[in-house]
Amino acid sequence: EHLRGVTLEDLVRISGPLPATRVLGILDQVCGSLREAHARGLIHRDIKPTNIMLCEHGGLSDVVKVLDFGLVKDIQQDAPNLTQANALVGTPFYLAPELITDATVFSPASDLYALGGVGYYLLTGRNVFEGESALEICAMHLHDEPVPPSQRISREIPSDLEAVVMACLAKQPGDRPQSAEKTSEILSRCQ
């Protein structure tokens with residue numbers, strides 16, 4: 001499919017942090033894409049602002065397209081040797097802690113961690129963790145607690161939206177929302 005639009009990274013780079021209502025709509029649509037992929041047993045493994053594009057479709061703007069399923073893995077697959085041991089797969093800024101320690105333990109929760117990172121970026125214009133090297137950023141994902149988005153930007157961020165983003169960024173997969181569908185339900189209750 002040939003798409004005309006803008007990636008989330010380009011949009012934030014040009015326009016700055018996005019308003020909360022726009023972020024809610026974008027995250028909800030990404031959840032829809034993840035819900036569909038996860039229902040088919042597929043994990044994206046590289047959710048990030050450059051892999052999400054906003055397009056216009058049928059007169060509607062901000063129609064989300066999730067791109068680059070090049071790192072996708074089938075969670076039903078029982079051939080773990082397809083992922084090289086000790087190899088990081090994904091983008092360090094959006095890499096779930098469990099994937100840093102073992103690249104074979106990908107799950108829907110790893111995509112939701114990255115979704116939290118995308119939401120954080122959209123709200124603040126900054127990555128959750130920033131460092132001088134991929135190793136430093138990965139160490140932060142493993143050991144440091146994220147600073148809430150509202151503490152990194154002068155604009156007010158609704159507390160319920162911030163809570164969803166922070167829940168997605170929980171270090172332990174079991175502490176995150178349990179599915180993209182559940183995340184979408186929580187987002188729908190945000191003011």
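Q: How much space lies in the second largest cavity?
A: The second largest cavity holds about 30 Å³, where a cavity is a set of points on a 1 Å grid over the protein atoms alone at which a 1.4 Å probe fits but cannot get out, and the volume is the space filled by probe spheres set on the points, joined across faces, edges and corners. This is a predicted model, in which local features need pLDDT of at least 70 and side-chain atom pairs pLDDT 80 or more, while totals for chains, interfaces and linings use all residues. Residues are numbered from 1 along each chain as its sequence is written, and side-chain values use heavy atoms, without hydrogens and water.

Q: And which residues line the second largest cavity?
A: Its lining, meaning residues with an atom within 4 Å of a point, includes L27, L115, V164 and T183.

Q: How many cavities of 30 Å³ or more does the count give?
A: The count comes to two, and the largest cavity holds about 60 Å³. Twelve residues line the largest cavity, and R45, D46, I47, Y94 and A114 are the closest to its centre.

Q: Switching topic, is T124 buried or exposed?
A: T124 is buried, because its relative accessibility is 6%, and buried means under 20% relative accessible area with a 1.4 Å probe and protein chains only.

Q: What is T124 in contact with, leaving aside neighbours within four places in sequence?
A: T124 is in contact with P17, P149, R152 and I153, contact being heavy atoms within 4.5 Å. The T124 side chain also reaches the backbone oxygen of Y120 at 2.8 Å.

Methods. 1 Å grid on protein atoms, 1.4 Å probe; cavity = no way out; pocket = protein on both sides within 12 Å on 5 of 7 lines; lining within 4 Å. Buried < 20%, exposed > 50% of the residue type's maximum accessible area, 1.4 Å probe, protein only. Polar contact = N/O pair within 3.5 Å; in protein donor to acceptor, adjacent residues only side chain to side chain.
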